[in-house]
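I opened my notebook to look over one protein. I will write down each thing as I look it up.

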Amino acid sequence: MTVWDEVVGQEPAVELLRGAVEDPARMTHAWLLTGPPGSGRSTAARAFAAALQCAEQGCGRCHDCVTTLQGTHPDVTLVATEGVFIRVDTARPLVELAQRSPSHGRWRVIVVEDADRLNETSGNVLLKAIEEPAPRTVWVLCAPSPQDVLVTVRSRSRHVSLRVPPVDAVAALLVSRDGIDPTVAHVVARAAQSHVGIARRLALDPAARQRRAAVLAVAPRIRGVGDAVLAAGELVETAQAEAKAATEQRDAQEKAALLRTLGADGAATLPPALRAQVRQLEEDQKRRATRAQRDVLDRAMVDLLSLYRDVLVVQLGADVELVNVEEDAAIRALAASTSAEQTLRRMDAVGQARTRLAGNVAPLLAVEAMAVALRPQG
């Protein structure tokens with residue numbers, strides 16, 4: 001076992017990163033790991049950080065490896081925003097941290113898992129620290145593509161590209177790590193389009209499988225504008241409910257903990273001096289809920305795209321396996337009732353909805369416009 005075992009299907013990238021760990025001449029101060037969702041950017045970044053700290057270059061067993069992978073190593077900082085953007089007040093402490101020598105490990109490693117969420121202000125704050133880091137500091141930035149990162153930041157980083165891992169590799173990981181039945185593992189790995197985290201959730205959570213099935217069922221239900229509006233409302237309501245379920249308990253625990261810290265636990269009213277801190281927490285939680293809802297909706301869009309991809313495969317007679325093998329009958333019915341050109345237009349509509357959601361368009365408006373475009377047209 002090594003720290004690289006869960007970086008599945010990324011042999012070229014692993015070889016490059018391992019080479020940098022083993023040979024100081026191949027090491028640099030800033031790395032940019034890019035790849036599509038599910039390619040394992042964050043997993044690869046943590047594995048790289050662990051290998052840098054490990055005396056055996058990534059054994060996977062020592063204290064440095066274990067604590068790095070668990071996120072508790074004192075010299076490895078993991079940054080992953082739960083808001084729409086990484087804010088300046090998150091970026092500034094990283095600049096100061098980057099100038100410090102490691103207190104325990106061989107390197108000080110700062111992993112920014114959402115470098116694509118750096119806006120111009122926060123990105124420029126980090127830029128100087130990335131340009132002129134301390135001798136034993138390494139930055140590891142993660143993003144879907146180089147174009148998603150500020151040009152000034154990516155030009156100062158060494159790029160490592162990750163790919164979508166093979167379905168068989170993801171299924172094998174689920175079997176070996178989580179004990180999933182091989183047949184189930186293969187089905188969910190395909191349904192998740194090789195996204196390891198989503199495949200694992202689909203395998204272990206029946207409710208997640210039901211929600212995905214409900215999203216896929218939207219496509220054949222839409223026969224007119226009325227159906228489209230109703231379907232859009234259901235998708236947005238489901239996303240809001242799922243986001244709320246994911247954040248509600250945590251929000252309550254955070255607020256209770258803050259009130260205890262402030263000595264106001266159980267108080268009917270808060271003194272004016274304490275209200276600002278509670279208000280700030282509530283604003284942070286609201287941003288987290290907004291991102292959670294957008295992430296859920298975006299995943300629904302990806303699932304819909306996979307369905308129409310399968311429809312197009314059938315229409316074109318392509319000799320490739322379907323992503324949604326359990327929806328074979330519905331896919332073939334859709335394929336028979338429309339043309340390949342119509343399927344492509346529907347895929348464009350789903351892609352445009354994703355772009356609008358990323359651009360902060362009101363979710364219901366973006367999803368309604370998409371759903372109307374999915375209805376049968378002559």
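How many positive and negative side chains does the protein have, and how far apart do the centres of the two sets lie? I found 45 positive and 46 negative side chains. The centres of the two sets lie 3 Å apart. I note here that this is a predicted model.

**Entry: overall form**

I looked up the secondary structure next. The protein comes to 16 helices and 5 strands. Then I checked the extent of the chain. Along the principal axes, the C-alpha atoms fill a box of roughly 65 × 60 × 40 Å. I also wanted the radius of gyration. A compact globule with 378 residues would have a value near 21 Å, and the protein has 23 Å, so the two agree.

**Entry: surface and inside**

I looked up the accessible surface. The protein shows about 18400 Å² of it. Carbon and sulfur atoms account for 53% of that surface. Of the 378 residues, 45% are buried.

I then turned to contacts between residues at least 6 apart in sequence. I read that 72% of these join residues at least 24 apart.

**Entry: one glutamine**

Is Gln53 buried or exposed? I found a relative accessible area of 1% for Gln53. The cut-off for buried is under 20%, so Gln53 is buried. Gln53 lies in helix α2, which covers residues 41-53.

Which residues does Gln53 touch, leaving out those up to four places away in sequence? I listed Asp64, Thr68, His73, Asp75 and Val76. Gln53 and Arg108 are 55 residues apart in sequence. In space they are 8.7 Å apart, C-alpha to C-alpha.

**Entry: cysteines**

A disulfide is a covalent bond between the sulfur atoms of two cysteines. How many disulfides does the count come to? I got 0 disulfides.

Cys59 is in no disulfide. The nearest cysteine sulfur, that of Cys62, is 3.7 Å away.

Cys142 is in no disulfide either. For Cys142, the nearest cysteine sulfur is that of Cys65, 18 Å away. Cys142 has 0% relative accessibility, so I put Cys142 down as buried.

Terms used:
Residues are numbered from 1 along each chain as its sequence is written. This is a predicted model: local features need pLDDT of at least 70, side-chain atom pairs count only at pLDDT 80 or more; totals for chains, interfaces and linings use all residues. Side-chain values use heavy atoms; hydrogens and water are left out. A disulfide is a pair of cysteine sulfur atoms within 2.5 Å. Buried means under 20% relative accessible area, exposed over 50%, partly exposed in between (1.4 Å probe, protein chains only). Helices (H or I, at least four residues) and strands (E, at least two) are DSSP runs, numbered from the N terminus. The radius of gyration is taken over C-alpha atoms; the globule rule is 2.2 Å times the number of residues to the power 0.38. Contact means heavy atoms within 4.5 Å. Accessible areas come from the Shrake-Rupley method with a 1.4 Å probe; for residues, only the protein chains shown count as cover. Lys and Arg count as positive and Asp and Glu as negative; His and the chain ends are not counted. The place of a charge is taken as NZ of Lys, CZ of Arg, CG of Asp or CD of Glu.
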